[in-house]
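Reader: I am new to reading protein models, and I would like to go through this one slowly. Could we look at it together?

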Amino acid sequence: MIIGILGVGHLAASMLAGFLRSGLDPETILLSPRGKAAALATRHGFRLAAGNRDLVERADIVIVAVRPAQAPETVMGLPWREGQLVVSVCAGVPLSRLEVAPARAVRAMPFTASEIAASPTVYFPDLEQARAVLDRLGPAIALASEADFEVATVSAAVYGWAQDLIRKTAEWSSAEGLDPAIARRLTALTFVAAGRLIAEKGEPMDQMLEELVTPGGITERGLQVLSARSVPAAWEEACAAVLDKLTGRADARPR
Ligand SMILES: NC(=O)c1ccc[n+]([C@@H]2O[C@H](COP(=O)([O-])OP(=O)(O)OC[C@H]3O[C@@H](n4cnc5c(N)ncnc54)[C@H](OP(=O)(O)O)[C@@H]3O)[C@@H](O)[C@H]2O)c1
């Protein structure tokens, strides 16, 4: 089984680190010859294709990780064949714009946490071969429709916002005197703890928060400030703006 990576940039490098970590033999991974490909091939022993046509001829699964605007043109006219699987990680590019028949196409949205096998990766449609590859990067989550996939892709942006909140909180803490290394570790692990508890428990989130937010306590005090500054509404607006951008509805909603 040869996995080809078409477009070896930032995200592909994270995925490749995850594949290595999961035990995949680097000789079973074939890279398109641009971006970080040559350097990664030299360092880790991945194979380098002569070009995109060569890559598609030799790979059983092709992960397409070029920029969204480049994706339709990049895959067009390549020698796709029956039985081959294409996994596009290109945000906002619908399956209908990827001309890869008779190969089958799946969309997936891995995060850079792929490199530590911690990416919750949504994908559609639910093909077993796709799940087997994506599960190497963290928990793969199958979706029921492409419309669901667009909504779920907003989480890829939320992942970045969460990192920004971690940075802001850590910087604020160290400006207040906390050791910067401790501030960074504590803030990051606070977000991990909040996410893991919700992911692993079945109780309704409203109930969990009600139990957490003591009347008159510190959590409530901060939520009052965030609410007075319309942060919850701004957060929802940001999610909607990302979805509009993904679906090309950017000008359709009155704001
Ligand atoms: N970054 C993330 O965290 C993230 C998360 C989820 C999904 N994604 C998706 O992943 C895709 C890649 O994002 P990125 O941040 O990794 O971008 P990137 O760093 O710009 O990587 C894109 C790579 O594709 C190469 N490329 C472009 N056209 C090519 C072609 N025709 N043949 C071979 N290689 C080609 C580019 O090479 P050159 O440098 O030579 O142009 C570049 O190395 C995007 O579609 C994005 O939506 C990214």
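Reader: In which loop is Pro102 found?

Author: The model we are looking at is a predicted one, and in it Pro102 is joined to Ala101 by a cis peptide bond, with omega at about 5 degrees. As for its place in the chain, Pro102 is found in the loop between strand 5 (85-88) and strand 6.

Reader: Which residue is joined to Pro125 by a cis peptide bond?

Author: Pro125 lies in the loop between strand 7 and helix 5 (128-134). The cis peptide bond there has an omega of about -5 degrees, and the residue that it joins to Pro125 is Phe124.

Reader: What value is phi of Ala117 near?

Author: Ala117 belongs to the loop between strand 6 and strand 7. Its phi is positive although the residue is not a glycine, and the value is near 55 degrees.

Reader: Why is the pair of Phe111 and Tyr159 stacked?

Author: A search of the whole structure finds 2 aromatic pairs. In the pair of Phe111 and Tyr159 the ring centres are 4.5 Å apart, and planes under 30 degrees apart count as stacked. The pair is therefore stacked, because its planes are at 25 degrees.

Reader: How many residues apart are Phe111 and Tyr159?

Author: Phe111 sits in the loop between strand 6 (104-109) and strand 7 (121-124), whereas Tyr159 is part of helix 6 (residues 146-175). The pair thus links distant parts of the chain, and the two residues are separated by 48 residues.

Reader: How many residues surround the ligand, and how many of them are charged?

Author: The ligand is surrounded by 22 residues, and the closest include His10, Asn52 and Arg67. Sorted by class, this shell has 11 nonpolar and 9 polar residues, while the number of charged residues is 2.

Reader: How much of the ligand does the protein bury?

Author: Backbone atoms come up to oxygen atoms of the ligand: a backbone N or O atom of Val8 lies at 3.3 Å, a polar backbone atom of Pro68 also at 3.3 Å, and a backbone N or O atom of Ala91 at 3.0 Å. Taken alone, the ligand exposes 900 Å², and of that area the protein buries 75%.

Reader: Which pocket is the space taken by the ligand?

Author: We have seen that 22 residues surround the ligand, with Leu11 and Val66 among the closest. The space that the ligand takes is the second largest pocket.

Conventions:
Residues numbered from 1 in each chain as written. Predicted model: local features only at pLDDT ≥ 70, side-chain atom pairs only at ≥ 80, totals over all residues. Heavy atoms only, no water. Near = heavy atom within 4 Å. Polar contact = N/O pair within 3.5 Å; in protein donor to acceptor, adjacent residues only side chain to side chain. Areas by Shrake-Rupley, 256 points an atom, 1.4 Å probe, with all protein chains shown as cover. 1 Å grid on protein atoms, 1.4 Å probe; cavity = no way out; pocket = protein on both sides within 12 Å on 5 of 7 lines; lining within 4 Å. Sits in = over half its atoms within 2 Å of the grid points. Nonpolar A, V, L, I, M, F, W, Y, C, P; charged D, E, K, R; others polar. Phe/Tyr/Trp six-rings, centres within 6.5 Å; stacked < 30°, edge-to-face > 60°. Helix = DSSP H or I, 4+ residues; strand = E, 2+ residues; numbered from the N terminus.
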